[in-house]
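Trainee: I have a new model open and would like to walk through it with you. Could you help me read it?

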Amino acid sequence: MVPTSQSKTGRKIITALVVVMAILHQDFWWWDNNTLVFGFMPIALAYHAIFSIAAACLWALAIKIAWPYHLERLADETDSSTASEKGG
Amino acid sequence: MTTPLIVIAIYLALLLGLGLLSSRFFRGTSKDYFVASHSIGPVLLLMSVFGTTMTAFALVGSTGKSFERGIGVYGLMASSSALIHAACFFLIGIRLWVFGKKYGYVTQIQYFRDRFESNGIGYLLFPILILLVIPYLLIGIIGAGKTILPVTAGAFPELFPQTGGAVPEWLSGLVVCVIVLIYVFAGGSRAAAWANTFQTVVFMIMGVVAFVFISNSLGGLRNAAKIVLQTTDGGKLVQPYRLDPATKELVPNEPPKVIGMIRSGGHESAEGSSAQLPHQPHMTRTLATATFKKFDRKKKKPVMDSSGNPVLWHREYGIPPLMFLTYMFIPLSVGMFPHLFQHWLTAKSAKSFRLTLIAHPLCIMVVWVPCVLIGSWASGLLPAGIPPAAVLSVMLKQLVGNEILIGLLTAGILAAIMSSLDSQFHCMGTIFTNDIVLHIAGKDRFNDRQIVWLARVFTIGIVVLTYVLAMKSIDKNVFDLAIWCFTGFGSLTPIVIAALYWKRATKAGAYASVIATMGTWFYFFSASGYGGEYVLAGGVMPAAVCFAAGAMAMIFVSLITLPPTTVKKFFPV
């Protein structure tokens, strides 16, 4: 199990990477580019397909360095009280 | 064209059989009916979640939108979803699963009621969640009708003369609804998970197969790229090729067929000018407006106005940069989908989410890249005025000669549609039964069998209502309707984010957030003509404004109202 401090650092890294990916998503540099990759795929489409692969890698990294083990421990606890009714 | 129909019928029979088989594992309890007793492992969870999020929107809608706007549609939805969907599963899904398991929640509303110590928040959210799911249901029923119609053209000329012998949309929609209802009623969440797994495998394989066959019919990938709609230096939109219906081969148009005129950045280009026009408007995201003459298919000539001038219509190609940016609020919708919440709760453990986190972005890519390419290729072959929802089916029918293959590929499209309908139908019954009936009457008032039947009856009512609405909206744009649904749910995510991560979020803040979100949503929805494409100045999506309104209302009102007493329960670490 990953120590809490390492998991917190991992969450910060993943958060930063998500922000970077969100910025990279706005690929203004390919906007008007009509280059065809491999002779058929528009370069903007190819870029975003690679972006999808990069997103998968990002979440694989998140599982490795930022997995919420504390939440798993919570789920394993035996408290299973039903939803309470409160006045609204 | 009865062979494709036979293939489709076999697929539907297999689906029904699988759903009914799952009912053998049904334990008879309401917990098993609603959340499969938390028994779903990682593979089934991935298939259920992915299958549910990929709908008519993903196959039929993406192809149609790419036909309309070009390849920018992929970045607009698919790659942003790769990042944001998984973020929602990681940050929202796992936490909600934990609380669902720990405190016995079956619906989102149960969680919100507990978190905000408020019955009323449930009564406020219930009609809103139902209202927002209805467009999502509509696109499924519309998509099914639009898919079956072109592939069965001429099959039953005496039975359906009004549609040229094709199976009419009302019948396709009805059959799809009935089949989904049968297997959901039989096995609940487990049936939906099993069916989704089967359907997801079918539509992913068939999507790739359709892409391979269509591209081969066009002479390979490089050749397919050449047939895409082009602009001339004079601003004419031309189709350089046509498909010979007899030989099903591409034949050059000499000269290229003019189908419209294009403008660049809103300025009309003169003949022979060197204005910077996109050579193939579908292959970039450059903004341009195209003008077409309205065409009467029955009379086979342009429609004229009273002055004898051709009636014109317009289409915008490309994507405004601000639209591309603010579209990132749309995938947030998965954070509040009630049917996805229900799928999350079926997970056996938190670790069951891991495969979904990694594979979901890749699965989206496998489905969307081919569809977006097919849509752009279709621009070079099909009339500009064809309903976008019909583009994929028409391309299949015109380019793929083998009727069995057409049937299989059409079944793949139906699989994508139905994999969402089952979860949505099921969740309607779940939230009505748990959040309204049992909440008011008390859980001890009904036994498990009665609870399950209550859910079924409400589901039937919603399906009937949606079916009627679908028949009245049969020509609505599938992609645009879905975006309104996603806009509503995405805009509600400040509530769940605040509930999960902000100790200071209050009941009043939640109320204010819902009201602000839905007030702005409804304002923009009505301004769109109730479901059309609609953007604000500069291309800003309404989703961004609605989300901001909801977030600001949540923050401001929470800070000026009393803090909740549930902090320890929901923030124990």
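Trainee: Where is the place of Leu362(B)?

Mentor: First, this is a predicted model, in which local features need pLDDT of at least 70, side-chain atom pairs count only at pLDDT 80 or more, and totals for chains, interfaces and linings use all residues. Residues are numbered from 1 along each chain as its sequence is written, while chains are lettered from A and ligands numbered from 1 in the order in which they are written. Helices are DSSP runs (H or I, at least four residues), numbered from the N terminus. Leu362(B) sits in helix 12 (residues 353–378) of chain B.

Trainee: Which residues is Leu362(B) in contact with, leaving aside its neighbours within four places in sequence?

Mentor: Contact means that C-beta atoms, placed from the backbone, lie within 7 Å. By that rule, the partners of Leu362(B) are Ser52(A), Ile53(A) and Ala56(A).

Trainee: Is Leu362(B) buried, exposed or partly exposed?

Mentor: We count other C-beta atoms within 10 Å: 20 or more is buried, 12 or fewer is exposed, and in between is partly exposed. Leu362(B) has 15, so the residue is partly exposed.

Trainee: Which element of chain A has the highest mean pLDDT?

Mentor: pLDDT is the predictor's confidence in each residue, from 0 to 100. Chain A averages 83, and 81% of the residues score at least 70. Among its elements, helix 3 (residues 69–76) of chain A has the lowest mean, 85, and the highest, 96, belongs to helix 2 (residues 43–65) of chain A.

Trainee: Over which residues of chain A does pLDDT stay under 50?

Mentor: Where pLDDT is low, predicted coordinates should not be read in detail. The stretch you want has 24 contacts beyond four places in sequence in the model, and covers residues 79–88 of chain A.

Definitions and conventions
Helix = DSSP H or I, 4+ residues; strand = E, 2+ residues; numbered from the N terminus. Contact = placed C-beta atoms within 7 Å.
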